[in-house]
Amino acid sequence: MNEVIRRGEMTPIRWRPPSAPPRARVKASAPPMPVIHRIELPGTGPEDVVFGADDMIYTGTADGAILRIDPHREQVWPVVSTGGRPLGLHADSDGSLLICDAHRGLLRWDQGGGGLEVLVETVDEQRLGFASNVVRTGDGTIYFTESSQRWFLEQWMGDLFEHSGTGRLIALAPSGQVTVLWEGLHFANGLAVEPGGDALIVAETAAYRLNRFRLRGPRAGEREILIDNLPGFPDNISVGSDGLIWVSLASPRNRLLDALADRPPWIRSLLWRVPDRVKPAPERTVWVLGVDPDSGQIVHDLQRGPEEYSMVTSVAEHDRTLVLGSLHESAVAVTHVPA
């Protein structure tokens, strides 16, 4: 383990965040997100949720379990344990799952009986310490994000405090070759393939934005911002059956973190050393966006209070049903897109 991470030390980078939009201070959308329903789990922290080829919901919990959920009967079955901490998932058409495990790297589970396989555990001779989210494109290439090379999941707030930008977008070719496509991302997180497959959308949590990385055509390899200055911290993202990019906002923007970003770095270093109860913390809310992948326009903005659920780190849409996951909750939440 990196000694800097183990001791909890940091070297904050000064930066100037854009002024938070007024929407960041509003506690509910208009109209508000419809009432949510909890499906309780035998574990906590369903950080990512995906619909499988069998129309079941799959998620991973803090104890390492991968769960299959029937959203209609509200039945839950454990299907495999990664032995680590599963985060982002991708469901393939053959029923297998790709799994970003924060402790073990990039994994694949074969539902047909092939078991659990480690696909990537080191990149450039360095242990993959914070694999975050994953997708596969039609040509068989797997793309995944590493949120930080300096901070592990257990100290994820350290990366937001430091803002050192060590997140990466990485490709695993069908040949087995691993290539770093994009470095310098500020907490690289959710990942989705644009409808049509020409580009990836990458959530950059600590920069409050979604980026586009072009995969094909004359602009292949180019990067651009799809939507900037979001009112909250974008986490996992997914493509819905409606063709929109669905974005989970884990928390609204934090005024103190924004205010300290361009102040002398020692202030953030000092704040990092105080007890957790004094540090800036995610504000409890339930919040998701539906974004047009071409224009970056927000089509749906759905938020409600935290009484039933909070810290939404993932959202999956299918036929106007929305399933939400959370880093801390003991359930997934189900709601719908209002008419």
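Which residues does Ser132 touch, not counting residues up to four places away in sequence? The first legend has the answer. A quick note before that: this is a predicted model, where local features need pLDDT of at least 70 and side-chain atom pairs count only at pLDDT 80 or more, while totals for chains, interfaces and linings use all residues. Residues are numbered from 1 along each chain as its sequence is written, and side-chain values use heavy atoms, with hydrogens and water left out.

**View 1. Ser132 and its contacts.** Ser132 touches Leu87, Gly88, Cys100, Thr145, Ser147, Ala188 and Asn189, leaving out residues up to four places away in sequence; contact here means heavy atoms within 4.5 Å. Ser132 sits in strand β12, residues 131–136. Helices (H or I, at least four residues) and strands (E, at least two) are DSSP runs, numbered from the N terminus. With a relative accessible area of 3%, Ser132 is buried. Buried is under 20% relative accessible area, exposed is over 50%, and partly exposed is in between (1.4 Å probe, protein chains only).

**View 2. An open sheet of four strands.** The strand order is β16-β17-β18-β19, with antiparallel pairing. β16 (188–193) and β19 (223–227) are at the edges with a single partner strand each, so one side of each has no neighbour in the sheet. On average, neighbouring strands of this sheet are turned by 30° against each other, direction ignored; the axes are lines fitted to C-alpha atoms, for helices over the stretch in contact, and angles run from 0 to 180 degrees between N-to-C directions. Zoom in on β17 (residues 199–204) and β18 (residues 209–214), and you find six bridges joining these antiparallel strands. Two strands pair if DSSP finds at least two bridges between them. Ala199 is placed opposite Arg214 in β18.

View 3. Glu204 belongs to strand β17 and is buried, at a relative accessible area of 2%. Its side chain makes a polar contact of 2.7 Å with the side chain of Arg209, and another polar contact, of 2.9 Å, joins the side chains of Glu204 and Asn211. A polar contact is a pair of N or O atoms within 3.5 Å; within protein, one must be able to donate a hydrogen and the other to accept it, and residues adjacent in sequence count only if both atoms are side-chain atoms. Setting aside neighbours within four places in sequence, the contacts of Glu204 include Gly184, Leu185, His186, Phe187 and Pro234.

**View 4. The largest nonpolar core.** This core has 37 residues, and those with the most contacts inside it are Trp156, Leu210, Ile237 and Val247. A nonpolar core is a set of buried Ala, Val, Leu, Ile, Met, Phe, Trp, Tyr and Cys residues joined through side-chain atoms within 4.5 Å. Among the elements that give two or more residues to it are α2 (156–162), β20 (232–239) and α4 (265–273). Leu210 touches, among others, Ile201, Ile225, Leu230, Ile237 and Val247, not counting residues up to four places away in sequence. A second, separate core of 14 residues includes Val286, Val288, Tyr309 and Val312.

**View 5. Salt bridges.** The count comes to 22 salt bridges, where a salt bridge is a side-chain nitrogen of Lys or Arg within 4 Å of a carboxyl oxygen of Asp or Glu. Lys27 and Glu283 form one, with the closest N and O atoms 2.5 Å apart. Lys27 lies in the loop between α1 and β1 and Glu283 in the loop between α4 and β22, so the pair ties together parts that are 256 residues apart in sequence. Asp92 and Arg136 meet in another (3.0 Å, N to O). Asp92 is buried at 12% relative accessibility, whereas Arg136 is partly exposed at 25%. Elsewhere, a network of salt bridges links Glu194, Arg212, Arg214, Arg219, Glu222 and Glu224.

View 6. The peptide bond from Ala30 to Pro31 is cis, with omega near 0°. Asp55 is not a glycine, yet has a positive phi of about 65°; this residue lies in the loop between β2 (49–51) and β3 (57–60). Glu125, also not a glycine, has a positive phi of about 60° and is exposed at 84% relative accessibility.
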